[in-house]
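Please look over the following model, shown with its sequence, before reading the notes on its sheet, helices and a loop residue.

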Amino acid sequence: MIRSMTGYGRIDEVKGSTRLTVEIRAVNHRFTEILVRLPKAWSMLEDPIRKLVAQFVRRGRLEVTVSLEAIQATSAAAINWDVAEQFVSLTREIDQRFSLETVLTARDVLLFPGVLHTKELEEANGDEIIDWLLSQVQAAAQDLLSMKMAEGKQLYADLTKRLEQVRVWNREIQALAPLGVEEYHSRLHQRLNDWAGQAPFELDIGRIAQEVAFFADKSDISEEITRLESHCHQFMEQLEKDEAVGRKLDFLLQEMNREANTIASKANHLRIQHLAVEIKSELEKMKEQVQNVE
């Protein structure tokens with residue numbers, strides 16, 4: 001099934017005192033181009049991220065933005081018992097030396113510098129952050145892919161509908177094609193009958209037959225009709241493939257448009273020319289849609 005080249009994926013998650021946000025934007029491009037924006041401290045992950053994201057796309061220009069933001073740490077109070085014991089011991093020593101009687105409360109001890117401190121409940125080392133970051137990039141790429149596939153289904157439905165309309169018009173042209181020669185023969189025969197009583201010479205029936213045959217050969221569009229139907233069949237086959245087919249579809253539309261142009265120029269029949277113009281118009285709409293296909 002075809003996929004859209006455009007899409008957006010985003011993941012936002014908090015771990016400990018860090019918020020990680022990954023955004024991936026995809027737009028149309030002839031080839032595959034992946035740009036990665038990272039905090040300078042994590043620039044060594046640019047290539048791994050590019051390779052990871054490349055697994056989820058076939059064609060297009062992608063901008064991957066990764067941001068790490070420090071937030072208020074989740075923390076808990078802790079007592080440094082070694083420091084507390086040192087302060088209490090020093091207080092008692094001072095009391096003995098100067099015959100003092102100092103009464104210490106728990107609050108007094110906690111107010112001594114370095115006794116009470118906080119520590120983060122969750123602390124991640126560098127390797128853990130890298131693994132977390134890459135997993136979030138993968139999740140954002142999967143989010144992007146889901147959107148591209150959803151839009152791809154809509155593109156598929158629209159293109160198949162328009163393609164079927166082109167085939168219907170082409171079959172109508174095929175049915176009308178013999179009428180062009182018949183109408184030309186009828187008009188020519190009528191004119192000859194009108195001239196017959198006035199012409200100072202005898203009409204050459206053989207020459208007239210040659211003229212009709214020449215016109216039939218010149219206005220024959222059977223090959224163009226056949227090629228147009230063949231291109232339509234190939235177009236449908238490409239739509240069903242699970243690979244990058246956007247450029248192939250664009251090429252087939254160019255060939256289909258060429259056949260429609262030839263039909264319009266060769267056919268000496270008003271309805272056929274009108275149908276050829278309708279086909280060209282529908283092909284132009286399909287071409288706009290195909291620009292969004294991977």
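Is S99 buried or exposed? S99 is exposed, with a relative accessible area of 67%, where exposed means over 50% and buried under 20% relative accessible area, with partly exposed in between (1.4 Å probe, protein chains only). This is a predicted model, in which local features need pLDDT of at least 70 and side-chain atom pairs count only at pLDDT 80 or more, while totals for chains, interfaces and linings use all residues. Residues are numbered from 1 along each chain as its sequence is written, and side-chain values use heavy atoms, with hydrogens and water left out.

**Loop residue**
- S99 lies in the loop between α2 (81-98) and α3 (106-111), helices (H or I, at least four residues) and strands (E, at least two) being DSSP runs numbered from the N terminus.
- The phi of S99 is near 55 degrees, a positive value in a residue other than glycine.

**Sheet**
- Four strands form an open sheet in the order β1-β2-β4-β3, with mixed pairing, where two strands pair if DSSP finds at least two bridges between them.
- β1 (7-15) and β3 (32-37) stand at the edges with a single partner strand each, so one side of each is left without a neighbour in the sheet.
- Strands β2 (residues 18-27) and β4 (residues 60-70) pair in the antiparallel sense over 10 bridges, and V27 has R61 in β4 as its bridge partner.

**Helices**
- In helix α1 (residues 46-54), I49, L52 and V53 are buried.
- The buried residues of α1 fall within an arc of 95 degrees seen down its axis (the arc of the directions from the helix axis to the C-beta atoms), so they line one face of the helix.
- T160 is in helix α4 (residues 126-196).
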